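Hi,

Here is the complex I promised to pass on.

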Amino acid sequence: MKKYLKSAAGISILAALVLAQSCKKSFLDVTAKGTVASAQFWKTEADATSAVDAMYANLHEWTNIAFAPIAVESMGSDDVEKGSTPTDASFMNDFHFFTANSGEGQISDFWSGEYKTINFANQILDNVPGINMDGALKSRYLAEAKFIRAYAYFRLVRAFGDVPLRLHVPKTAAEYNIPRSPKAQVWAAIETDLNDAASVLPQSYSAADVGHVTKGAALALHAKAALYQKKWGDVITYTNTVMGLGYTLFPNYEQLFRTTNKNNSESIFEIQCMLIPNNPGASNSQYSQVQGVRGVTGGGWGFNVPSADLAAAYEAGDPRRDATIIFRGETTPEGDAIPADGDNPMYNQKSYVPFSLYVSGFNEGCQQNKIVLRYADVLLMNAEANNESGNAAAALASLELVRARARGGNNAILPKITTTDQAALRAAIYNERRVELAMEFDRYFDVIRQGRGAEVFGSRGWKANKNEVWPIPQNEIDLSAGTLTQNTGY
Amino acid sequence: MKRIFTISGLVLLCFLFINAAAAQNTAVKGTVTDAATGETLIGVSVSVKGTTTGTQTDVNGAFTITAAANATLTFSYLGYATQDVPVNNQSVLTVKLAPSAKQLDQVVVIGYGTQRKADNTGSVASVKGADISKQASQNALSSLQGKVAGVNIINSGAPGASPQVTIRGLGTIGGSSTPLYVVDGVWYDDISFLNTADIDNVSVLKDASSTAIYGIRGANGVMVITTKRGTKGKPVINYNGYVGWQKATNLVKMANATEYATAINELYQYNGITPVLFSDPASFGTGTDWYGQILRNAFTTNHEISLSGGSKDNVYNVSFGYLDQDGLVKTNNYQRYTAHVSDDWTVIKPLKIGFTVSALSSESKDINGGIFHELYGAAPTLPVFYKDGAYGDPNDYHTGDGNNYNPQATLDFFNQKSRNKRFTGNVYGELTFLKNFKFKTSYGGDIGQAEVRNYTPVYHATTAQQSTTSSFDVQHTETRNWIWENTLTYNKTIGDHKITGLVGMTAQDYTTYYAHGFAKDVPYVANGSLTGSFPASATGYLQPVTPSQQPHIRDLSYFGRINYSYQDKYLLNASIRQDGSSPYYGTNGKNVFGYFPSVGAGWVISNESFMKDQHLFDELKLRGSWGKVGNRNVPINLSNLVVTSDPSYLTAVFGNPQVPYLGASINTVVPPLTVWENAESVDAGLEGAFLNNRLSFEADYYNRVTENAIFAIPIPASVGTGGSSIVGNQAKIKNRGAEFIVTWKDKPSTNFSYSVSANLGINTNTVTSVESGKNPIYSGGNGIANGALATRTVVGEPIGEFYGYKVQGIFQQNQTTGAQPTAKAGDFQYVDEDKNGVIDSRDRVVLGNPNPKYNYGINTSFTYKQFDLSVDMQGVAGVDIYNANIAYRYGNENFTQDFYDHRWHGAGTSNTYPSVNVGSNANAAPNSFYVESGAYFRVRNAQLGYTFPNSGLKRLGIQKLRIFANAQNALNLFGYKGFNPEVGGDILGRGLDANVYPLYATYNFGVNLTL
């Protein structure tokens, strides 16, 4: 017995060592479960489709659609106040009263949110060209990525001015830390992307693909980019093209924003959101929730509420006032009674989702699409550019289309504007733009590009030569070790 | 066959033998036993004094040696006093060895073996099982607090949670700083499954020469734990039990309702809001004491019973434990059943097989972890219930976000149970052959299942706490790990030369599986609907498994070690380990395997002949070591770009009607190459004993340098990865320090004995280089520091220092000019460090260091007649805490009494505390106001016991009966204004305290019974 044991011991030691040694390499070659290594990605058409889906999905994530855009793109405007209870998220007031400094969390959230969008687009633009797939679909995907990238840079350049311009996925440490590009270069990159996108994208999609960006969206965003640069001729050219694409104003202004009328005839580009049954995690849009009516089930947090100044900006009898503002104590057209003793006198009706659609466990109003570009905006850009170019008649025609829809057949209100005096017409267009597009995240930057920042926001502390742009996030400057510079005045 | 084998073995080993046999030599036979227990001793070295002839006792304690009739035989054995026995013409000797009182004769457990402390060249500390189980902790690691120099233990406070353990300072940033735990040869990251009563010994390996044998897992230190095994003899039954309670202590007092309403009104005033929220603060009186409402004295019961014994060939130990512990929060409860079985069977003389199995089953009734923050912030103006019995609704008081929950409703409608089942242990076979060789193979496994079930009923408590549908959520995690180890040991004493050799290999596999189910409209059934499966009536069904990254890691290693000693004076140890680990596989062909060498040397000065005549030192030993170890516990797949496909982030929507599509893409960046994170360390130690071994000391100096530290350096958010960081080999970190232990033991009379032991660890942590160069790494805080980064790590400074503005006072008037032109009265006035007239980020300075400089412990024990008393004290000093709770506010949360009493509330009221507007952006920016000393001193454990005299018990068949009373954390001294100065956290955010879990004291009464 003993001797066998001895031999057995020797053999087992040898066996153990030999066995282990011989399968050493393969033994260690394991990957984590539930992951796909990048080496297996960017191979098929399905990969390209997944990456395009991911790019769109990112648009309704928190930093792209909720607090950060409210702070950076809305709070400075005279259309809104902070909302909620007075001391809740009081940092929002730093944006309303222009005391926000470079350390504000919402500034860095907005910055990182937009650059995440750019990264998703750059991933597609760098990697999809090498995939062997349907040529037409490949071109379309690349065009969609260019539109999304242009949209993100548009939001960055109007919020910060000069920003780092990344047109490829950074590969080395040296590429991580790059300086700001002059805003003219950023605008040029936006226009190049939009030209490329418009030349490829289709005018519309089959029912299953509704929500992907279209030629109209690229042209409309290009018109807006030109508007911010006061390239009036370009604005007229691009808006005229969009006006020939078949968009029509949705007859009922209030209904335009309801979940039952998503992607309607007026819609040019919307961020698509839905309540995915049994999947509250994936139904992640908080766009409606953060602005919803406080203190009621199915409402929300009540931030970014309409101001008294906005309520007073409407002409007498303008139905858009009631369609834009939920007043405390009213009953909405959908039948929701708003408590009379709520925390805030007014709430945003454009993000409102009827309380009956609320499902416990989900974000309130997660089914609300966010409209980014709509036909009325295009008409008003056309009106503004024509007036600035001295074409009063064309300006009046576009303006009247918007007012006629608002009138809703009631000729007792909103009289047709007929002045051809450029300054008077400019004022009329400015106000029309304000009330038509109120609470749609353009007002603050419209006023600034119109050169009226100090005039309109000055009483709240807005100062020329500083507040045209927000500060660059301090964390970002810290990390760049001096490569990034701060905006003047911060 | 046998002869050939033996001869070949002898030939193989002949170089080790010097045959000094002489003509008149005769064979001497005998047995060696323990003088105290009478047990035979196996493997005792027997040598002929003055020659190189030697042998060892066999499994029966028997030996045969050839010696001259007038020779003297020397018997030496681990843990026993060496004894010289003259042969005196006898042919049969019966030798009884007495256990040694000398410290250096004690046996220490090291990696893959045991050693006399005298032969050890590294820094190893042992803690006996009895000292651990004596304490009232449910986790053995908590019991080690203050016991071992250089070991810093931070208890998290939450029931069932494991403490954070750091040995000799933070040597990693991107990896885990948790030591490796080796329990009976099986490797673990956490030992919460072990019942403290089952532990026989914990050996803490601190320096690299001790841990290098564990290669890639050795960098953070290793704790080698052995569990209890049977001993030969009649079955012995042991029962240990106690009952007791936990009580919240050092609670932070909060403002009462009137004070709260006053403060919130001030907050409205400072923000220019009219009217204020509360028209008549005094009408609220003192209001609701939320801590009193939700916390309680929590009862604990613990029973543990064991049976051990065995025959000559088979020893066993079986134990069962039961713990029932209430949490400090009402409804919180934790029940644990443990079983531990070990058996060692000598099949035939040279072959022993055995196993160890630990099983655990636990169930906890959970609480919503957020309740502590709710309690901290809850408005005392809110009644728990209205007169009609409905819950007080914060919405009725317009107190807003951060404060819109009624904690009682949170408690009542949170319905969750966690169950854990774990089955772990190993089987081994050990074969002794050719006298000096021992081959051991051991296969260990660890299977764990954790399940969390949560049921939300249809309810309406308050505006913010309600649900219109019911739902049921089940998360299931399963871990399956295995380890296979083979070692071959060679042990030989030839005269003055003692040699031990070891070679071995290890293969390991770690996998985790995760499943998540969620269903809606699940009807309520008994037992909170937390049992059973998803009912068919549920309208929604299982969600797909979340494809998050679940680790699968494999390691493969080979190692060898030699220990050599000459005349018990000169010691030399050397080891090497080669490790392969899958997280590094494929990143670079050259770096698949890492090599971890070590050497150690020792000089036992007291054994030198020139020391013979001195009487000062009983023992004196100098030792030094060098070694290199690795840290595998770093983020896996570092250099492999992974595709992200998280449904809660990347679900796109298209179409009319709308349809969700799960997207996938890459949104991270990775370093091009990663190599091993290595720690290289040197250790020098001096050990000694004086005054008949009554006074002993041990002093160590160490210097540990972590190279290629795997480190996350934040990268600009404009890279597009969401403001994250890039992880790679990018830093070098130095931990330098010293440890001192002094122990005094004495027995002045037969009735009285005592010991006092003090230990001190001093550590300094410095980042000596980092890939980002002079560019500091800002981290920590973020959410809890209002979006700002509160720590900085830069070359030449410790890891993660607090960084921010220095407060010079409080503005008494609103500002319109000066360095802070937008500051309001009551805001912090910061120091303009760069004197440029503007306060901006360039004015930030270092505010404190979260890495403790001093850790100390004082452990005492006294025995007088039938009474025994032990008191353990422990503390840290030279450490700072960032009290983030003060400014971690969303709106109208409550304030602490301290803040309320000292707040600025009008010109001249305070120049140190700000106004109630403390949560505003300008005031919440990281600054010196929030940095406090984290030093504390506590009486960690005090126990008084009484052992009944033997005489009366014998008749009842009782061998031993002892009763005791125990108090843990009964006295805590600290100046920190938060709940608990023990603050852990992420490596770059350590010491940032947003914890609101109260510190608690535990009082127990128990009994130890041996039959």
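For the first point you need the cut-off: a residue counts as buried if 20 or more other C-beta atoms lie within 10 Å of its own, with C-beta atoms placed from the backbone. By that rule, helix α5 (residues 67-74) of chain A is mostly covered, with eight of its eight residues buried. Those residues are A:Phe67, A:Ala68, A:Pro69, A:Ile70, A:Ala71, A:Val72, A:Glu73 and A:Ser74.

Bear in mind that this is a predicted model. The predictor gives the complex an ipTM of 0.90 and a pTM of 0.74.

Now the cores. The largest nonpolar core has 231 residues, and the members that touch the most others are A:Met55, A:Phe147, A:Ala218, A:Leu221 and A:Ala223. Helix α8 (residues 135-160) of chain A gives the most to this core, 14 residues. What does A:Leu221 contact, leaving aside neighbours within four places in sequence? Its partners are A:Ala150, A:Tyr151, A:Phe154, A:Leu194 and A:Leu373. Another core, of 51 residues, lies apart from the largest one, and B:Val182, B:Leu205, B:Ile483 and B:Leu502 are among its members.

A word on confidence in chain B. Its mean pLDDT is 84, and 90% of its residues reach 70 or more. Helix α10 (residues 897-902) of chain B has the highest confidence in the chain, at a mean of 96, while helix α1 (residues 2-13) of chain B has the lowest, at 37. Across residues 1-23 of chain B pLDDT stays under 50, and the model has 14 contacts beyond four places in sequence for them. Residues 543-547 of chain B are also below 50, with twelve contacts beyond near neighbours in sequence.

Cheers

Key
Residues numbered from 1 in each chain as written. Chains lettered and ligands numbered in written order. Predicted model: local features only at pLDDT ≥ 70, side-chain atom pairs only at ≥ 80, totals over all residues. pLDDT = per-residue confidence, 0-100. Helix = DSSP H or I, 4+ residues; strand = E, 2+ residues; numbered from the N terminus. Contact = placed C-beta atoms within 7 Å. Core = buried A, V, L, I, M, F, W, Y, C linked by C-beta atoms within 7 Å. Buried ≥ 20, exposed ≤ 12 C-beta atoms within 10 Å, placed from the backbone.
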